[in-house]
Amino acid sequence: MKRGSAGGIGKKAVIGGLLLILVIAGAVVGCSKLKGDSSVEFTLLSSEDIPKQLSEEIMPEYQLLERALACIIDGKVYVVAARGEKTTSGYGVTIEKITWEESEGLNRMTVYAKFSDPGSGELLTQEITYPYAVAETNLDILPDEVELSVQYDE
């Protein structure tokens, strides 16, 4: 009999331990959800895949600025990282990551972009360029704020 009751206490201890682990895991996940910071799924678009409305109507307003922006076209949210006006070719921009954070009633998007500059001694075309990258996201609403976080390619 004692052996059976000791086995029962062992099962209770195991079940209690598992419940404790689940509670701790839930708390960790819950805290990260409360923080509201999460990655946004996106697909970088080639110049041929950029919606015409974005390239013809929206970009002319923003191409002179170094910034990130988001817009909805046909129910899809697109994100742009722009470098502004450059006097030669050879400048580039790539979107590396996009995050979404809900804080104090605001939705904040951060666009992490990598900027590349022409190398020294590289032959460049002397023309005005407006380097930018466009990503199609899985979002269905626009953020209240968009921030650009830049890292330069070395």
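## Nonpolar cores

The largest nonpolar core comprises 17 residues, and those with the most contacts inside it are V79, I95, I98, M109 and V111. A nonpolar core here is a set of buried Ala, Val, Leu, Ile, Met, Phe, Trp, Tyr and Cys residues joined through side-chain atoms within 4.5 Å; buried denotes under 20% relative accessible area, exposed over 50%, and partly exposed the range in between (1.4 Å probe, protein chains only). Strands β3, β4, β5, β6 and β7 (132–137) each contribute at least two residues to this core. Apart from it lies another core, of 12 residues, including M59, C71, I73 and V134. In soluble globular proteins, nonpolar side chains tend to be buried together.

Contact means heavy atoms within 4.5 Å.

## Model and conventions

The model is predicted: local features need pLDDT of at least 70, side-chain atom pairs count only at pLDDT 80 or more, and totals for chains, interfaces and linings use all residues. Residues are numbered from 1 along each chain as its sequence is written, and side-chain values use heavy atoms, with hydrogens and water left out.

## Overall architecture

The protein chain contains two helices and eight strands, arranged from the N terminus as α-β-β-α-β-β-β-β-β-β. These elements are DSSP runs numbered from the N terminus: helices are H or I of at least four residues, and strands are E of at least two.

Of the 154 residues of the protein chain, 29% count as buried. The chain exposes about 10200 Å², of which carbon and sulfur atoms supply 53%; accessible areas come from the Shrake-Rupley method with a 1.4 Å probe, and for residues only the protein chains shown count as cover. Among contacts with a separation of 6 or more, 72% involve residues 24 or more positions apart.

## Strand pairing

Strands β1, β5, β6 and β8 form an open sheet in the order β1-β5-β6-β8, with mixed pairing. Its edge strands are β1 (38–39) and β8, each of which pairs on one side only. Two strands are taken to pair if DSSP finds at least two bridges between them. Strand β5 (residues 92–103) and β6 run antiparallel and are joined by 11 bridges; S103 has L106 in β6 as its bridge partner. In a regular strand the side chains alternate between the two faces of the sheet.

β3 and β4 also pair in the antiparallel sense, over eight bridges, and E66 stands opposite R83 in β4. The two strands form a hairpin with two residues between them.

## Positive phi in the loops

D74 lies in the loop between β3 (66–73) and β4 (76–83). Its phi is near 50°, a positive value in a residue other than glycine. With a relative accessibility of 75%, D74 counts as exposed.

E104 occupies the loop between β5 and β6. Phi of E104 is near 55°, again positive in a residue other than glycine. E104 counts as exposed because its relative accessibility is 80%.

## Surroundings of A68

A68 belongs to strand β3 and is buried, at 3% relative accessibility. Not counting residues up to four places away in sequence, A68 touches V80, A81, V111, V146, E147 and L148. The C-alpha atoms of A68 and L148 are separated by 5.3 Å, although the two residues are 80 apart along the chain.

## Aromatic rings

Rings of Phe, Tyr and Trp (its six-membered ring) pair if their centres lie within 6.5 Å, with planes under 30 degrees apart counted as stacked, over 60 as edge-to-face and the rest as tilted. F115 and Y152 form it in an edge-to-face arrangement, 5.7 Å centre to centre with 90° between the planes. The pair links distant parts of the chain, with F115 in strand β6 (residues 106–116) and Y152 in strand β8 (residues 145–152), 37 residues apart. F115 is buried at 0% relative accessibility, whereas Y152 is partly exposed, with a relative accessible area of 43%.

Two lysines are placed over tyrosine rings. The charged end of K86 sits over the ring of Y91, 5.3 Å from its centre, and K97 lies over the face of Y112, at 5.0 Å from the ring centre. The criterion requires NZ of Lys or CZ of Arg within 6 Å of the ring centre and within 35 degrees of the ring normal.
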